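Please read the points below with the model open beside you.

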Amino acid sequence: MNAAAPVDLFGFAERLTPGEHDKLRQLRELLDARARPHLAQWWEDAHSPAHLRAELAALRLEDDPALLGEDGLPRAVYVGFRHFELARFDMSIGTLYGGQVGMFRTLVRSGGSAEQIARWDPRIPSFELTGCFALTEPGHGSDVAGGMETIATRDGEGWRISGHKRWIGNAALSEVMVVVARDAADGRAKAFLVPREAPGVTVSDITGKLALRMVRNGDIRLQDVWVPETDRLARIDSFADIAAILAQLRYVVAWNAAGLQAGAYEAALGYAMRRTQFGRPIAGFQLVQEKLARMLGNATATLAMAVRMTELRDAGRAEEVHAALTKGWVADRARETVALAREICGAEGIRVDTDVARFFADAEALYTFEGTHEMNALIVGRAITGLSAFTR
């Protein structure tokens, strides 16, 4: 099978240039050498390997001149396969990297003024400036657009922000947080770069997680935190602006789902080839092969959907219904695939050493973020029928 995409039976990776293939090869080699020997222990200890950021940055996965187009960015299909490779290895490490160069950088580039972009953007790919995105709140996830309780009040040349944010990935590892708050004067959403060490900011890790254990999800409290107007992202003046920025990244979830399934499939296949029962490898039994075939089909179909979603995005034709249908469907397939991997591995499937347990748990996080199954189903249903089933 293709080295760039183990489940790529239909040759989607042929869209990559030789330089892009080489960059992904470098990424795989780094992860195998520097992270794989420690991966199981890091996961069990819920340890976030922040030291890998410098090594990942040194690969120049984001800003190598050979990867950049006229817009100064790498091609979306390469970015997709990069997310695929990271998720195939481990979604926590993918979040450690992607939350910075994907989410945080996109917010700065799309929401900042020209001066702000010039000041902040060059320092993001190298992790010289680290950041995260603080949107969701303890009482508001799906309804955060209408129910946001974090408030920003104008105070001279700056703003006073008070509120509570929760489930913020990489919070404790970030120098600044892009905090979304409701303007007390006009009720519209604004976004601010808030230093993690600013007076009035408290960040604590969310513990006891069963998924994405190596991601330091933060619970953030802001009490009368002062931020200068120069650190407000100038081109964000409503939740619609934020939604438009997030829409640029919605295609990534399908690549994550494809990579996660590829990793689970490979782990289960490797175990089935090694494990012997009744005198031969279990990979030679019919019911195990049926499970492997279903897993490969799910992962391949998810990859196909990710590629097509990326093509629609590049053509400016990706709509909300495309993103919602894709997220809902690929997350369902991911759940099925990791469950089959766990079945193949039997009792060993619940041990982290087989790798399958990590993928099994992380699929639950994937199922929830980027919109719950129910919210995405209602978006698709509205597009199908022309009738809204939302209660508000």
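1. Partly exposed means a relative accessible area between the two cut-offs, under 20% for buried and over 50% for exposed. Glu364 has a relative accessible area of 37%, so this residue is partly exposed. The model is a predicted one, and the points that follow should be read with that in mind.

2. Glu364 has a salt-bridge partner, Arg335, and the closest N and O atoms of the two are 2.9 Å apart. Arg335 is partly exposed, at a relative accessible area of 31%.

3. Arg25 and Asp22 form a salt bridge, with 2.4 Å between the closest N and O atoms. Both residues sit in helix H1 (residues 18–34), 3 residues apart, which is about one turn of the helix. An α-helix has 3.6 residues a turn, so residues three or four places apart point the same way. Arg25 is partly exposed because its relative accessibility is 32%. Asp22 is also partly exposed, with a relative accessible area of 32%.

4. How many salt bridges does the structure hold? The count is 44. Another of them joins Asp353 to Arg351, where the closest N and O atoms are 2.9 Å apart. Arg351 has a relative accessible area of 39% and is therefore partly exposed. Salt bridges with shared partners also connect Asp32, Arg36, Asp90, Asp355 and Arg358 into one network.

5. Disulfides are a separate matter. A search of the whole structure finds 0 of them. Is Cys132 buried or exposed? Cys132 is buried, since its relative accessible area is 2%. Cys345 is buried as well, at 2% relative accessibility.

6. Strand E4 (176–183) deserves a careful look. Of its 8 residues, 8 are buried, so E4 is largely enclosed by the rest of the structure. Strand E1 (residues 131–134) pairs with E4 in the parallel sense over 4 bridges, and Phe133 stands opposite Val178 in E4. E2 and E4 also run parallel, joined by 2 bridges; here Ile151 stands opposite Arg182 in E4.

7. Which way does E5 pair with E4, parallel or antiparallel? The pairing is antiparallel, over 7 bridges. Met177 stands opposite Val194 in E5. In a regular strand the side chains alternate between the two faces of the sheet. The hairpin of E4 and E5 has 5 residues between the strands, and Gly187 takes a positive phi near 75 degrees there.

8. Ala185 lies in the loop between strand E4 (176–183) and strand E5 (189–195). With a relative accessible area of 73%, over the 50% cut-off, Ala185 is therefore exposed.

9. Thr150 is in another loop, between helix H7 (144–147) and strand E2 (151–155). Is Thr150 buried or exposed? Its relative accessible area is 0%, so Thr150 is buried. The side chains of Thr150 and Glu137 are joined by a polar contact of 2.8 Å. A polar atom of the Thr150 side chain also lies 3.4 Å from the backbone nitrogen of His164.

10. The other contacts of Thr150 can be followed in the model. Leaving aside residues up to four places away in sequence, Thr150 touches several residues, including Ile161, Ser162, Gly163 and Lys165. Val179, Val180, Ala181 and Arg182 are also among them.

11. The last point concerns helix H9 (residues 252–274). How far apart should its ends be? At 1.5 Å a residue, its 23 residues should span 33 Å, and the end C-alpha atoms are 33 Å apart, so the two values agree. H9 is mostly covered, with 18 of its 23 residues buried.

How values were computed
Residues numbered from 1 in each chain as written. Predicted model: local features only at pLDDT ≥ 70, side-chain atom pairs only at ≥ 80, totals over all residues. Heavy atoms only, no water. Disulfide = S-S within 2.5 Å. Buried < 20%, exposed > 50% of the residue type's maximum accessible area, 1.4 Å probe, protein only. Salt bridge = Lys/Arg side-chain N within 4 Å of Asp/Glu carboxyl O. Polar contact = N/O pair within 3.5 Å; in protein donor to acceptor, adjacent residues only side chain to side chain. Contact = heavy atoms within 4.5 Å. Expected span 1.5 Å × (residues − 1). Pairing = 2+ DSSP bridges.
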